[in-house]
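Here are a few notes to read with the model open beside you. Take them one at a time and find each residue as you go.

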Amino acid sequence: MSHNPEILMLHRVLPVFDADNYYFQRKTAISWQRFVTLLDEIEAKGLVTLPASALAHAIPDSAIFLTFDDGYIDNVEALDEILRRKMTATLFPVKQFVQQGFSPIDDMAQHYMNTDSIPDDTRRSLLTGRLKRLLRVIASDRYRWLRQRWFNIKQDSPGIFMNEEQIRFYSERGIELGIHGVSHRLFTQLGTTSLLSELSESARWLEHLGQKSKPPLCFPHGKFNHSVLALASDFSSVYLTVDQQTEVVGVWRRKWVVEGNVGIS
Ligand SMILES: [Zn+2]
């Protein structure tokens with residue numbers, strides 16, 4: 001039985017590597033080539049992919065976990081390939097991203113890549129600085145208002161998320177769905193009432209999309225604290241963070257798969 005299982009975190013899987021693409025700069029995309037190499041390696045090592053909820057129980061040394069955050073549209077090809085190889089994965093879609101086809105950070109990222117209307121010095125702020133920190137705590141309407149005021153952009157960029165029918169399709173084929181929030185705002189910044197409604201609404205939504213057992217939970221932006229865990233325990237018993245060490249029982253560290261880090265470990 002393994003105490004440090006490999007739990008891999010992926011976001012987007014894009015056709016080819018592009019150094020100018022925001023998602024590669026942010027390390028939230030890998031190329032199709034990198035993805036296929038990863039699956040080849042899992043097969044060659046005789047590892048077995050399991051849904052993240054299996055972490056609640058004893059797991060074999062051969063277990064490995066594939067997780068996809070946020071529900072990007074390009075996950076469709078990736079999940080098709082996973083199913084074709086008789087593997088499995090856990091998908092952590094965000095309710096509002098899916099239903100509205102919209103997320104503030106992704107919208108700003110696309111405007112940044114596709115237009116000249118965003119100043120160059122905004123780029124660094126969007127990647128790692130104040131703009132990113134702001135966008136991850138505000139709701140969509142507030143974001144749109146600020147976007148118009150700061151950049152005079154009125155139009156949303158084209159949607160880049162899966163829709164509910166697509167998510168239900170994969171759920172029916174054995175892809176596990178996990179809680180990742182309704183709005184993707186930081187759980188640690190929400191009051192008790194808001195956090196409880198994020199959790200219960202997420203759980204109900206996933207059930208509606210076909211998730212039958214208790215879902216695993218992945219904290220938006222990887223952030224959690226003891227109050228978050230106390231409220232979350234009614235909804236899940238497997239919690240995933242980003243690429244950070246954790247000693248909290250029930251909270252599992254994931255490895256951030258990027259274009260450069262060839263190999264599983
Ligand atoms: Zn996320």
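This is a predicted model: local features need pLDDT of at least 70, side-chain atom pairs count only at pLDDT 80 or more; totals for chains, interfaces and linings use all residues.

1. Residues are numbered from 1 along each chain as its sequence is written, and side-chain values use heavy atoms, with hydrogens and water left out.

2. Have a look at strand S6 (residues 90-93). Helices (H or I, at least four residues) and strands (E, at least two) are DSSP runs, numbered from the N terminus. Thr90 and Phe92 point one way and Leu91 and Pro93 the other, yet all are buried (under 20% relative accessible area, with exposed over 50% and partly exposed in between, for a 1.4 Å probe and protein chains only).

3. Which strands pair with S6? Strand S5 (residues 63-70) does, parallel, over 4 bridges, and strand S7 (residues 176-177) runs parallel to S6 too, with 2 bridges. Pairing takes at least two DSSP bridges between the strands. Leu91 stands opposite Phe68 on one hand and opposite Leu177 in S7 on the other.

4. Now helix H9 (residues 164-172): Glu164, Ile167, Tyr170 and Ser171 are buried there. They sit on the same side of H9 because they cover an arc of only 130° around the axis, taken from the directions from the helix axis to the C-beta atoms. Glu165 and Glu172, on the other side, are exposed.

5. What do the buried residues of H9 pack against? Their partners include S6 and S7, where contact means heavy atoms within 4.5 Å.
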